[in-house]
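Please report on the strands, ring pairs and contacts of this model. Keep it short.

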Amino acid sequence: MKIAVVGTGYVGLVTGTCFAETGVQVSCVDIDIKKVEKLNNGVVPIYEPGLEALFHRNVAEGRLKFTTDLAEGIKGASVIFLALPTPPGEDGSADLKYILKVADDLGQIMTEYAVLVDKSTVPVGTAEKVYAAVAKNAKVEFDVVSNPEFLREGVAVEDFMKPDRVVVGTKSDRAKKVMEKLYAPLVRQGNPVIFMDERSAEMTKYAANSFLAMKITFMNEIANLCELAGADVDNVRKGIGTDSRIGKRFLFAGIGYGGSCFPKDVQALAKTSQEYNYDFKVLKSVMEVNEAQKTRMIPLLKKHFNGDLKGKTIAVWGLSFKPYTDDIREAPALENIAILLEEGAKVIAYDPEGMENVRNYVLGNKITYAHTPYAALDDADALMIFTEWPQFRTPEFEKMTLLMKSKVIFDGRNVYELDQMRELGYTYYSIGRETVKS
């Protein structure tokens with residue numbers, strides 16, 4: 001079986017590589033000549049644990065290839081995945097121009113039946129638009145299927161190879177059989193392939209991400225209330241997370257969500273609700289609360305330094321929006337750093353994977369990049385933690401004490417225990433918990 005994947009971004013590259021690992025012949029297509037050259041030279045452009053090993057194995061064994069030629073890429077493919085960007089427009093709606101342009105091109109060059117699969121996160125009704133765009137010029141039969149991805153950055157390979165479920169939206173029995181065959185190696189343990197209509201599949205992705213974003217936001221609201229009421233959000237989390245109706249995941253308080261999915265998908269679902277004249281009040285609140293939560297630590301920092309951050313050296317641990325990824329899109333760290341710079345502070349930052357992206361695409365040399373977490377602490381007036389990388393959880397506190405000008409931590413991810421901070425003599429600010437004073 002041969003498939004084509006159009007788009008070699010995060011979703012496209014993971015999709016193509018993981019399907020190749022099942023024995024499928026995969027051709028990945030991208031218009032970015034430099035990116036394709038890098039891929040053909042063995043350079044994986046994103047950081048994702050486990051991906052590089054699969055990439056090199058399947059390239060070496062001839063199952064994974066890359067090209068800029070769409071006609072060449074889809075030749076002989078029974079399934080063509082569209083894994084293209086759907087960036088938010090100014091009004092929050094998903095921009096479908098890349099998908100519809102490729103759909104128009106496919107209609108002109110397809111020479112045999114194929115299943116076209118919307119893998120990108122797209123609004124309700126996109127499958128119909130893609131079908132119409134292809135049909136304008138198509139001379140062969142085809143089907144359009146919605147197959148949303150549910151990949152978590154940092155564990156995307158595991159999510160793809162061992163999915164909780166696979167959602168496929170199609171009314172075509174012919175397309176259903178093709179998709180069943182393609183996914184069979186990935187669901188041998190009994191995880192379901194759920195077939196439904198295309199519109200329901202498209203809505204499922206937005207509903208899933210928006211619900212998880214809402215769950216995070218609710219706990220952040222609880223955390224803010226806990227601070228005022230003298231409660232501890234960690235205890236509350238444990239108390240409600242053991243309820244099977246609620247579950248323990250996505251209940252950790254912090255400085256809000258970021259990344260390429262949650263912000264964009266919540267915004268897009270809110271826009272969809274507007275198009276149908278439905279006032280989705282919960283989503284509006286989620287977006288409003290999350291935006292405010294991102295900079296929740298700044299007022300505490302300014303108060304600690306009597307309202308003046310000018311000339312202060314602030315160490316930053318964590319730039320990516322979450323651990324195990326170099327993705328800095330919508331990362332809370334970036335908004336906080338922008339404010340720190342406006343206030344006249346000097347910022348020295350460390351992140352295991354995200355520094356190059358921040359330097360190349362966002363901040364340039366406006367901040368200093370440290371080669372180790374400890375190097376960032378040298379003569380720092382305070383440490384701010386924005387990403388909960390594992391290596392930040394058990395640092396050498398004695399070494400930290402020697403390096404820092406003052407023992408002050410502003411922890412946006414609740415990495416440390418309060419008793420631990422008391423014993424070590426740190427002034428410690430966190431989310432939804434008591435402030436520890438040294």
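## Aromatic pairs

Phe-250 is partly exposed, at 27% relative accessible area (buried means under 20%, exposed over 50%, partly exposed in between; 1.4 Å probe, protein chains only). This is a predicted model, where local features need pLDDT of at least 70, side-chain atom pairs count only at pLDDT 80 or more, and totals for chains, interfaces and linings use all residues. Residues are numbered from 1 along each chain as its sequence is written, and side-chain values use heavy atoms, with hydrogens and water left out.

Rings of Phe, Tyr and Trp (its six-membered ring) pair if their centres lie within 6.5 Å; planes under 30 degrees apart count as stacked, over 60 as edge-to-face and the rest as tilted. The count by this rule is 15 aromatic pairs. In one of them, Phe-250 and Phe-262 have ring centres 6.3 Å apart and planes at 40°, so the pair is tilted. Phe-250 sits in the loop between α10 (233-241) and α11 (262-275), and Phe-262 in helix α11, so the pair ties together parts 12 residues apart in sequence. Helices (H or I, at least four residues) and strands (E, at least two) are DSSP runs, numbered from the N terminus. Phe-262 is buried, at 13% relative accessibility.

Tyr-278 and Phe-280 form an edge-to-face pair, 5.9 Å centre to centre with 80° between the planes. Tyr-278 is exposed at 53%; Phe-280 is partly exposed at 29%. Elsewhere, ring pairs link Phe-19, Phe-81, Phe-160 and Tyr-183 into a cluster.

## Charges over rings

A charge sits over a ring if NZ of Lys or CZ of Arg is within 6 Å of the ring centre and within 35 degrees of the ring normal. Arg-165 lies over the face of Phe-150, 3.7 Å from the ring centre. Lys-399 lies over the face of Tyr-374, at 4.4 Å.

Strand β6 (residues 142-146) is mostly covered, with 5 of its 5 residues buried. Phe-142, Val-144 and Ser-146 point one way, and Asp-143 and Val-145 the other.

β6 pairs with strand β5 (residues 114-118) in the parallel sense over 5 bridges; pairing needs at least two DSSP bridges between the strands. Val-117 has Val-145 as its bridge partner in β6. β5, helix α6 (residues 126-135) and β6 make a right-handed β-α-β unit. Right-handed means that, with the strands pointing away from the viewer, the path from the first strand over the helix to the second runs clockwise.

Strand β10 (residues 346-350) has 4 of its 5 residues buried, so it is largely enclosed by the rest of the structure. Strand β9 (residues 313-317) pairs with β10 in the parallel sense over 5 bridges. Trp-317 has Tyr-350 as its bridge partner in β10. β9, helix α14 (residues 332-342) and β10 form a right-handed β-α-β unit.

β10 also pairs with strand β11 (residues 368-369), parallel, over 2 bridges. Ile-348 is bridged to Thr-368 in β11. The chain crosses from β10 through helix α15 (residues 355-361) to β11, and this crossover is right-handed.

## Around Gln-391

Gln-391 lies in the loop between β12 (382-385) and α16 (397-403). At 39% relative accessibility, Gln-391 is partly exposed. Beyond its neighbours within four places in sequence, Gln-391 contacts Tyr-350, Pro-352 and Pro-373 (contact: heavy atoms within 4.5 Å). Pro-352 is 39 residues away along the chain, with a C-alpha separation of 9.2 Å.
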